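Please examine the sequence and the structure shown here before reading on.

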Amino acid sequence: MLNEAVVRQLREIVGGKFFRTDQEALITHSYDGTPMLQALPDAVIYPESTEQVSEIMKIANSNLIPIVTRGSGSNLCGGTVPLQGGIVMVMHRMNKIIEVDMENLTAIVQPGVITGQFITHVEGLGLFYPPDPSSMKISTIGGNIAECSGGLRGLKYGTTKDYVLGLTAVLANGSIIRTGGKLTKDVAGYDLTKLLVGSEGTLAVITEAILKLIPQPKTKKTMVAMYKDIYGAARTVSKIIKNQIIPATLEILDNPTIRVVDDFAKIGLPLDMAAILIIEQDGEPEMVERDIEKIQLICKEEQADRIDVAADREEAEKLLTARRSAFTALARLRPTTILEDATVPRSKIAEMILRTNAIAQKYNVNIATFGHAGDGNLHPTATTDARDHEEVHRVEEAFAEIFEAAIELGGTITGEHGVGVVKAPYLEWKVGEAGVEVMKGIKGAFDPLNILNPSKIFAKETKKRVVVQHG
Amino acid sequence: MASTTGKPVIEHANPLARTLLEKLDYDQLTNCMRCGFCLPACPTFHETGMEPASPRGRIAMMKAAVDGLMVPDQQFQDQMNLCLGCRACEPSCPADVKYGQLIEQTKEAIEEHATHSLPIKVIRKTVFKNLFPKRGSLKLLGGSLAVYQKSGLQKVVQSTGVMKLFPKQLSEMEAILPSASSKGVVERLGTFYPAKGEAIAKVAMFRGCIMDVMFADTNVNTVELLSAAGFDVYIPESQVCCGALHAHSGEMNGARELAAVNIDIFKQLDVDYIVSNAGGCGALLVEYDHLMQDNKKYSESAKWFASRVIDVSTLIVEKGRVPKFAQKESSPHAEKIKVTYQDSCHLRNVMKGSSAPRKLMKEIVNAEYVEMAQSDRCCGSAGIYNVVQPEMAGSILEHKMEHANNTQASYMLTSNPGCLLQMKLGIEKHKPDQTMKAMHIVDFLHDRMILSE
Ligand SMILES: Cc1cc2nc3c(=O)[nH]c(=O)nc-3n(C[C@H](O)[C@H](O)[C@H](O)COP(=O)(O)OP(=O)(O)OC[C@H]3O[C@@H](n4cnc5c(N)ncnc54)[C@H](O)[C@@H]3O)c2cc1C
Ligand code: SF4
Ligand code: SF4
């Protein structure tokens, strides 16, 4: 509970309408996109400027009130669930695109701008902002930066961190810092910009961002290849890159996903395929043609059963249907959908998928895998029912083993969704004890009183490895 | 993975919470995975920017009330009532959560516990128990409205400013009401109207209650258009109101009673299609199967009924012989007359009929179809929403008219009486030059139909 003086001060900063402690506000800020997780805050606040955020942080810091910054609450790691109560700070009102600088190819935006709207806006100006998480219609730039989101274009164009040039952020004590700028080169001190990208709301509140834009690619071509042998698909991925072709998109669907998608979208996918690859290349027309031809050749060499190349946009859309409907099809299967995010080096994709399937079988749970083959970022997705506690427990066990397998294969526990609370018990598996200690030290430097998104990233206890300890 | 935490569970001491527990479909509540994909589609979220005014927020509150995390207080009820019921959230939901059913169940529960003031009680009773279910009374009302409008009394009333005493929204509405008529489609055309040329299929027309009083011409035009497109049209005389207004106001039993009557009547005709020309009615008709699923006697025939319901535009485009249309008046300038369209939410989101009207408009020779920005977003009419939620409806309409202005169209077409009235109101209020005209798409096409003989 917040004391009356604090309530009065906060109300004065943002106005009564934008500081709320009513039941309705608390309930609707007790969750995010993460399944089976909920906790009530004590209040919800909607600031509209950096100055307001700074004032709010000063009060929160001196009264030890936890602050959970929230974009659209679409994250899948419990990142915005106020596990220790406190105040949820919603960034929706800070939603202006302040500037698009055509000379420097940069944009300055507030954190509450919806990513999809920003992309449409710059595309209207003939420019390109590549980070495209599947949630971009709803997620915010601030949320993307805090989670370092990536998308289908990650392989060729990188992820959010590659497009953040500078930030304005408010520290826990209310100080305002500015990092980076419209500069490509800047080595003055530690790179605080990069440090804040992916910091999941635990180090500072981002209130403005300078983003890098690039010219729009001229053309785009789409193709699909289907394989009875999953290793053939995996070898294709490696071979494409070994041939120094970097496709704009290189996605994979495994057999369980193919079955679910076809059942939902009725697009006549062959159900005996072990994997489907969906490949797109963009750029100068001649280069695109050349790359797509080469890729086709590689697919044939690796015994692809079927190869389709789209003749035009409309056909490309059709080929993309399978990938686009993967999530929807899975989400409709059972009441609770747990979309996870394990990443392995791309040479290990086939092995990772097969191990995931074996693990699912072992625990008798439904897990289908799809994802970004090009960068090894896979999304094993479990369909279950939150009300069946026994089954949910088996799903959790299966996932622990899947993360374990990912690390064993030289991968990581999350490629783009962040650690939050869901992956916190596994963080040490990836970065080691010393790594966790350094991170905690950084957290202490930014937020000594631990009021920014407490209980996230660092778990009280590291989960025991399921199998024996591996190297 | 952490499990659900939260405050201690509140006992279901609150009677509304108990009713919600009984009525709400817990499977649907569980299906919502809180991804937030529905937020950008929602007009009330768009206007307020606040999570409680979003589909995800409303579902979370329903679930919290049922789980005992929240007392469904007045604010809860207000938030549920602020929902337009436009169901734009449904097509954008990856998990296929049946939001429409959830909000209906919630409103039904709220209605059971509502303590309306006496005048509201009387009005509700008159409207839901006497007026809509009974055709005679509606016609009588239509008749007296016609007398009122024709006798010049309307002018007197308008000039004396008596209407100013009523809520602003009502008095504004009064000014744009079309001429009512006591003669509906059956009185004018009889109960059967044959196809021009060889009959493609046998269809029954759902004439609606408000449609048949306030927009009787549109009903007549619908029948003639259907006939021209090759359909034998039956218009069963004893059909009753669809029940949509009841359902949206939480009067589910009233809606079910009406559905039973309609199902019996249309079943006897054994038609291939049941045609609707009002998105609001059509959306309930197409869900009669869901409405009647717990009724053993009717569940099967309700499925028969629901599977045949189709909007007039969709039927013509998909199954009919599309007549030729040509723009009759020429534009003062050399360019073509521009036509634009506001979707009926229920036609678009529930009946999935957004492409056929557009196809028809593009068929018109010498007219240009211009898409209005955000034509898929609710206009704020939503049944009686603009009367009970004037503020939200007003701001939604204002935004809508900005987009309408940008199209520079001469005609704004719609597929539902509520939307049509709202567009008229919008043009009256927000369109400075007022040259735009709002029309039902059927009337517009009927006027421009070129008969081949
Ligand atoms: C169906 C679905 C598909 C998805 N697909 C992808 C995908 O392809 N790629 C991907 O990377 N992610 C994906 N996500 C996850 C999620 O959408 C992203 O993590 C997204 O970046 C979250 O944005 P948001 O605005 O919703 O942020 P929120 O969920 O509100 O917040 C996310 C984190 O950022 C912090 N935060 C938010 N704003 C600020 C700020 N201004 N300053 C400091 N911290 C802040 C929060 O505290 C929290 O820790 C998906 C999610 C769903 C539901
Ligand atoms: S889109 Fe569907 S699942 Fe997602 S929050 Fe909205 S209702 Fe729930
Ligand atoms: S029905 Fe319309 S107003 Fe209601 S929650 Fe859905 S989108 Fe929003």
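## A parallel sheet in chain B

In this predicted model, Tyr411(B) stands opposite Lys437(B), a residue of β10(B). Tyr411(B) lies in strand β9(B), residues 411-414, which is joined to β10(B) by four bridges, the two strands running parallel. In general, the strands of a sheet pair through backbone hydrogen bonds, in either a parallel or an antiparallel manner.

Both strands belong to an open sheet of four strands in chain B, ordered β8-β7-β9-β10, in which the pairing is parallel. Its edges are formed by β8 (367-369) and β10 (437-440) of chain B, each of which pairs on one side only. On average, and with direction ignored, neighbouring strands of this sheet are turned by 30° against each other. Helix α21(B), residues 355-363, packs on the sheet and touches β7 (337-341), β8 and β9 of chain B. The direction of helix α21(B) makes about 175° with that of β7(B).

## A mixed sheet in chain B

Chain B also contains an open sheet of five strands with mixed pairing, in the order β1-β3-β2-β4-β5. Strands β1 (192-193) and β5 (309-311) of chain B each have a single partner strand, so one side of each is left without a neighbour in the sheet. Within the sheet, β2 (201-206) and β3 (231-234) of chain B run parallel and are joined by four bridges. Here Lys202(B) stands opposite Asp232(B) of β3(B).

Two helices pack on this sheet. Helix α15(B), residues 252-269, touches β2, β3 and β4 (273-276) of chain B, and its direction makes about 160° with that of β2(B). Helix α18(B), residues 296-308, touches β4 and β5 of chain B, and its direction makes about 20° with that of β5(B).

## The contact between the chains

Chain A contributes 44 residues to the contact and chain B contributes 38 residues. The area buried between the two chains is about 3,500 Å², and carbon and sulfur atoms give 57% of it. Gln23(A), Glu24(A) and Gln38(A) supply 18% of the area that chain A buries against chain B, more than any other three residues.

Three salt bridges are counted between the chains. One of them links Asp27(B) to Arg387(A), with the closest N and O atoms 2.8 Å apart. There are also 11 residue pairs in polar contact between chain A and chain B. On the side of chain A that touches chain B, two or more residues come from each of α2 (23-27), α11 (313-333), β16 (336-339) and α13 (389-408) of chain A. Among these elements, α11(A) gives the most, with four residues. The residues on this side of chain A divide into 17 nonpolar, 15 polar and 12 charged.

Conventions. Residues numbered from 1 in each chain as written. Chains lettered and ligands numbered in written order. Predicted model: local features only at pLDDT ≥ 70, side-chain atom pairs only at ≥ 80, totals over all residues. Heavy atoms only, no water. Pairing = 2+ DSSP bridges. Axes fitted to C-alpha atoms, helices over the stretch in contact; angles between N-to-C directions. Contact = heavy atoms within 4.5 Å. Buried area = accessible area lost by both parts, 1.4 Å probe. Salt bridge = Lys/Arg side-chain N within 4 Å of Asp/Glu carboxyl O. Polar contact = N/O pair within 3.5 Å; in protein donor to acceptor, adjacent residues only side chain to side chain. Nonpolar A, V, L, I, M, F, W, Y, C, P; charged D, E, K, R; others polar.
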